[in-house]
Amino acid sequence: MYLSKVLQKFISNILPTQTFKMVKYLKQDEAINIDQELFNVYKFSVDQLMELAGLSCATAIQKCFPPISHHRVLVICGPGNNGGDGLVCARHMKLFGYSPEVYYPVRTDKLLYSNLVHQCEASSVHVSDSLSDNIFTYDLIVDALFGFSFKPPVRAKFLPAINALKNIDKPICSIDIPSGWSIEGVPESDAINPELLISLTAPKECARNFKGKYHYLGGRFIPKKLEEKYQLKLPAYPDAECCVKL
C-alpha cells in the first residue's frame, strides 16, 4: 500500500515535466522554414494564420486572466507579424468582454495591417501611436512587439515600449516570444518577465528560460505531415480547443 502511494506521487511529479519536454523547441531558422512551408507548400495566407494565432492567444489569455478581474488591457504591437497577431488578439478580446486598447508605435503601410487596424477601430478598440501616461492603470499587458525574427539589440524607436514592459507592475502576456529576448539564447538580467507565454506553432528555444506561471501553445493549424517532418511532437489539443496548456 505504502509503495503504491509513493509510486503514484512519483508519477504525478514527473508526468508534467515529461509531457513538457516531449514538445520540440524550435531554433530561429526552423521557425522561419516552417512558416515558409505553411505559405508555399500548404498555401496558407498570412492573414489566415494571423487570425488563427490571434484567436488562440485571446483564448489562452481569457483562461488565465478573465475579464472580470483584468478588464482594462493594453496590447503593445510591433510592425511585423507578431504585431498583427496582437491586433487580431485585441479584437477578439473585445468580443470576450475585455476593454482593450492598442499601442502601435511603428506602423507599416501594408494593406493587411491597415485592414487589421480598421477592424480594431470598427470594433471600438482604440489604436494609438502614443503611449498613455496612465499605463499603470491597466490590469493586463499583452506583449506583441517582436516575433521570432527579432535579433538584439532593440532599436531606439522601440525603447519606450520595451521600457514600459520592463517597468509595469501588472501581468504581461507575451505572444510567441517575450519581446527583447534572444530567440535561442538566455534572456538578459533586465529582460521582461511575462506571467503568460503563448507559443505559436511550437515553443521557441528561448521558452526553456520562461519562468512565468502559464505557458500555452496556440495556433491549431499545423498539418500532420508538417508536424512529422520537423518532429514537433505537439501535444493533443483537447476537444475543439484552439490552445493547450504546456
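Analyst: A pocket is an open set of grid points where a 1.4 Å probe fits, with protein on both sides within 12 Å along at least five of seven lines, and its lining residues have an atom within 4 Å of a point. The model here is predicted.

User: Which residues lie nearest the centre of the second largest pocket?

Analyst: They are V154, K166, G180, E188 and D190, out of a lining of 15 residues. The space in this second largest pocket is about 190 Å³. Sorted by class, its lining holds nine nonpolar, three polar and three charged residues.

User: What is the volume of the largest pocket, and which residues lie nearest its centre?

Analyst: The largest pocket has a volume of about 580 Å³. Its lining counts 31 residues, and N81, N82, G147, F148 and S149 are those nearest the centre. Two or more lining residues come from each of α2, α3 (46-64) and α4 (81-95). The lining of the largest pocket is made up of 18 nonpolar, seven polar and six charged residues.

User: Which strands pair with β6?

Analyst: Strand β5 (residues 172-175) runs parallel to β6 and is joined to it by three bridges. Within that pairing, I175 stands opposite I198. Strand β7 (residues 214-218) also pairs with β6 in the parallel sense, over five bridges.

User: Which residues touch the most other members of the largest nonpolar core?

Analyst: A nonpolar core is a set of buried nonpolar residues joined through side-chain atoms within 4.5 Å. The largest one has 40 residues, and L38, I76, I141 and L232 touch the most other members. At least two residues each come from α2 (28-40), β1 (72-77) and α6 (159-167). The largest share, four residues, is supplied by α6. Another core, of 36 residues, lies apart from it, with V88, C120, V142 and L200 among its members.

User: What is I76 in contact with, beyond its neighbours within four places in sequence?

Analyst: I76 contacts Y103, I141, V142, D143, A144, L145, A161 and L165.

How values were computed: Residues numbered from 1 in each chain as written. Predicted model: local features only at pLDDT ≥ 70, side-chain atom pairs only at ≥ 80, totals over all residues. Heavy atoms only, no water. Pairing = 2+ DSSP bridges. Buried < 20%, exposed > 50% of the residue type's maximum accessible area, 1.4 Å probe, protein only. Contact = heavy atoms within 4.5 Å. 1 Å grid on protein atoms, 1.4 Å probe; cavity = no way out; pocket = protein on both sides within 12 Å on 5 of 7 lines; lining within 4 Å. Points joined across faces, edges and corners; volume = space filled by probe spheres on them. Nonpolar A, V, L, I, M, F, W, Y, C, P; charged D, E, K, R; others polar.
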